[in-house]
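Dear colleague,

I am passing on the structure below, and after it you will find some notes on what came out of going through it. Please read them with the structure open beside you.

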Amino acid sequence: MSTDRPDASAADPTTPTPGPSAPSPDPAASGPADTGSPEAEPTPAAPGEGDGSPGPEPAPAPSPAEAGAGSPDADPDTEPAPADSGTAGDGGPEAEPDAVPATGEAGNAEPAPADSGEAGGGGSGAEPLDPDAPAQADAGPAAGEAGDGGTGAEPPVSGRGGVGESPAGGETPAVSEAAAELAAQKVERERIARRKAERQAPVEAGGKLSGKAADLLAAVRAVEGGEKPPAVYFDDAPAAPRKAAATTTAPPPPRNPEPAAGPTPDAVAAVEAVLARGGAPAALAGAAATALGEDAAERLAEDPWRLLAVAGVRPTQADGFARALLGPDAGPADERRAAALVGWLLEQAALKGHTALEAPTLESALAQYGVPAPAEALEQAIGDGAVLVFGEGEDAEAEEEEAEEGEEAGEDTGPVRVLVGLEGYALAEESLADGLARLANTFDTPADWGDGSELIRAAAGHGLVTHTGGEAARAEPQALAAAARELGLRVCLAAHAPSPGAVTTAGLLAGTEGPGRDADGQFALDLLVVLDAPQLDVETAAALVESVPDGARLVLSGDPAVLGSAGPGRVFADVLAARACPRVVSRVPDPGPIGELVSGIGIGELGQVDAPGKEVVIVPVRDAGEAVHRTVQLVAESVPRAFGIPADSVQVITPGHGGSAGTRALNTALKERLNPGPGRFGGFDPGDRVVHVPSPGRAVPATVVSADARGLHLDGAGARIVVPKERVESQVRHGWAVTAHQAVGARWPAVVVVLPGDAARALSRDWVYTAFGRAERHLSVVHGVDQALAHAVAQVPPKPRTTRLTGLLSALAEAARDKPGE
């Protein structure tokens with residue numbers, strides 16, 4: 001690889017380079033180069049080398065379309081920060097609790113509190129609830145911005161909501177792809193709920209804890225007090241997964257589902273009146289009416305803290321609203337406040353990838369928000385049925401026997417891990433575990449698929465198979481699909497992003513792509529191969545697995561080293577950890593210098609690679625301004641001239657949206673150079689390269705075609721997309737520069753990765769692996785983080801997520817082994 005020195009003479013990147021040298025410390029080269037300055041002479045250097053860079057620069061929160069990718073690579077300076085002043089309620093300190101794990105994988109940090117006054121007459125230092133206030137210009141969706149999956153965004157539940165597509169020259173279809181997907185997943189969730197309701201009754205709301213919930217809370221107390229936690233607090237062993245049945249009885253989802261009806265104008269007006277009484281902006285009325293459902297106005301007036309159900313609203317803002325409505329009765333000890341905070345904290349954890357939190361962690365977070373008795377508040381929330389409580393590793397009879405033996409011998413049976421979660425994620429995780437176990441238990445003998453690869457042999461003998469490998473290994477599941485088709489099987493290949501020969505996972509679930517569904521609502525297929533499996537969040541995966549019919553096979557394939565899903569859960573990693581099915585590990589290495597570099601990053605090593613064709617070039621910069629200038633120069637001039645790759649095939653990737661070298665700043669500079677224009681269509685011009693975000697977690701590359709009364713017309717890989725004008729601001733953004741999470745699943749001939757100095761805190765091994773791995777032929781690294789890059793690769797692994805799937809699936813697999821005849 002080579003280092004592009006800003007103070008060198010003009011040279012093509014393919015020019016032979018002298019021996020290794022460090023970047024020049026010449027002060028004359030420290031500032032941004034002139035836009036007409038000649039290009040630099042590249043010299044070899046390792047990616048970890050480079051000049052120093054300034055400290056972190058403040059950055060605004062991401063915009064609404066930026067959020068849609070559900071990006072865990074949030075701006076480095078949007079980590080939670082305590083308010084300068086103001087209290088939670090009347091006495092609790094307002095701060096983002098450190099107890100809630102800030103896992104950056106789906107980690108979409110909450111914007112720091114603004115310095116202006118609280119809504120409803122709150123004290124100084126609290127965030128203004130008014131989305132139009134200057135301090136909130138980049139902080140919340142009401143201001144037209146929602147982060148890359150951050151708190152300013154809608155929670156990143158993959159595959160829901162958004163805008164549809166229409167054929168070129170045709171009328172806008174009655175049902176959009178996103179609406180169809182939403183309805184299909186709603187049907188699947190209803191099926192999940194019905195199945196769970198049949199198996200156990202919910203905890204009755206309104207009373208004190210009793211039965212299993214009380215036992216589990218007692219386990220929490222026992223752990224905290226250092227007492228021996230009896231294993232009998234946990235559920236019985238899961239039943240062995242059933243054998244494949246000939247038919248299913250699941251009701252089919254509607255082929256042409258109608259979009260969910262929104263709140264009526266009268267309901268919105270009633271909510272607006274309640275908000276006005278509390279000093280909250282009317283702009284929140286629609287979102288509040290949608291979030292709270294029927295009788296939203298009455299519910300909000302009775303419990304003002306329900307305002308936390310609206311995305312982007314923070315506890316200090318809800319506290320100010322409550323004080324304006326309730327007066328002195330609105331205190332930090334109010335049970336309604338505590339209950340709302342429990343749900344809100346779990347939703348914030350979901351934005352960071354968790355499907356549940358440990359009970360002590362949640363109690364600590366409640367204490368940081370001024371709840372005077374957090375343990376009792378959590379107990380009350382569980383008793384009211386607002387949240388669910390679980391014991392991890394609920395293996396049953398074996399645990400009970402071990403507990404009894406341990407008690408007799410006076411031995412400690414070990415700590416109990418009690419988790420608390422929201423019902424929706426809990427049901428999805430349990431349904432997913434059931435479905436995976438069902439598929440894994442389908443076949444007793446292998447089918448005769450002839451001689452073939454290891455993956456083909458594994459799929460012939462098992463209903464569930466995992467496959468891991470890098471980008472080159474994607475050829476193996478594609479070969480499996482081709483072999484299965486030759487045998488006359490109905491096969492579907494699904495990927496996270498548009499891919500040759502594959503449908504998108506979102507399109508498959510929505511029914512707009514793929515084989516469709518049979519009369520029972522199941523996919524009409526015999527083999528489903530899912531590429532990019534690490535991008536499956538728990539709700540998407542549950543809907544997908546529930547739709548795979550009995551007797552069919554499922555292959556989950558992906559690279560476990562890339563960034564995880566935008567939504568909650570770590571499905572692929574949990575399935576691998578459970579070891580409940582065969583795992584095929586590809587031995588096909590990624591080719592060339594880029595493949596060698598990325599493979600090393602995957603094991604924590606950032607070494608120098610031999611790149612005789614300038615496949616990898618390091619461009620050291622000293623500040624963000626120079627980083628932007630050099631990026632534009634690479635995209636518009638250097639890469640096209642040296643490698644014959646057009647500018648529209650060069651993708652820029654950077655850690656965050658904000659800052660002086662985030663996606664906003666880079667896209668502004670790139671548009672000015674590559675497609676200048678007045679932005680007459682809501683900031684866009686024909687020919688602009690954009691990213692369309694129809695729902696959180698999805699980022700579809702497209703190009704602006706035109707605009708009319710119906711909205712903004714885009715061309716996405718040959719498909720015409722019409723974005724209604726009221727959704728353009730929230731669902732479309734310029735796409736010359738994106739985050740790594742928006743780029744995952746796709747590759748480009750050339751990639752420019754921009755690492756300004758203020759991005760050092762956002763770097764991790766999986767981020768670097770993902771960003772560098774998007775390049776096929778050429779990778780340029782605009783390097784301003786000094787040794788932070790090497791440090792991130794070697795010592796900053798992916799942040800953990802708290803989930804239940806591994807334990808659930810392991811228990812089901814063990815139960816199947818213990819009862820093979822069932």
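The axes of helix H4 (residues 265-277) and helix H5 (residues 285-292) come within 8 Å and cross at roughly 110 degrees, which makes H4 roughly perpendicular to H5 (a term for angles of 65 to 115 degrees). Here helices are DSSP runs of H or I with at least four residues and strands are runs of E with at least two, numbered from the N terminus, while axes are lines fitted to C-alpha atoms, for helices over the stretch in contact, with angles from 0 to 180 degrees between N-to-C directions. Where the two helices meet, with contact meaning heavy atoms within 4.5 Å, Val268, Val271, Glu272 and Leu275 in H4 face Ala285, Gly286, Ala288 and Ala289 in H5.

This is a predicted model, in which local features need pLDDT of at least 70 and side-chain atom pairs count only at pLDDT 80 or more, whereas totals for chains, interfaces and linings use all residues. Residues are numbered from 1 along each chain as its sequence is written, and side-chain values use heavy atoms, with hydrogens and water left out.

Five bridges join E12 to strand E8 (residues 464-468), in parallel, with Thr468 having Gly558 as its bridge partner. Strand E11 (residues 527-530) also runs parallel to E12, joined by four bridges, and Leu527 has Arg553 as its partner there.

Best wishes

How values were computed. Angles under 35 degrees count as roughly parallel, over 145 as roughly antiparallel, 65 to 115 as roughly perpendicular and the rest as oblique. Two strands pair if DSSP finds at least two bridges between them.
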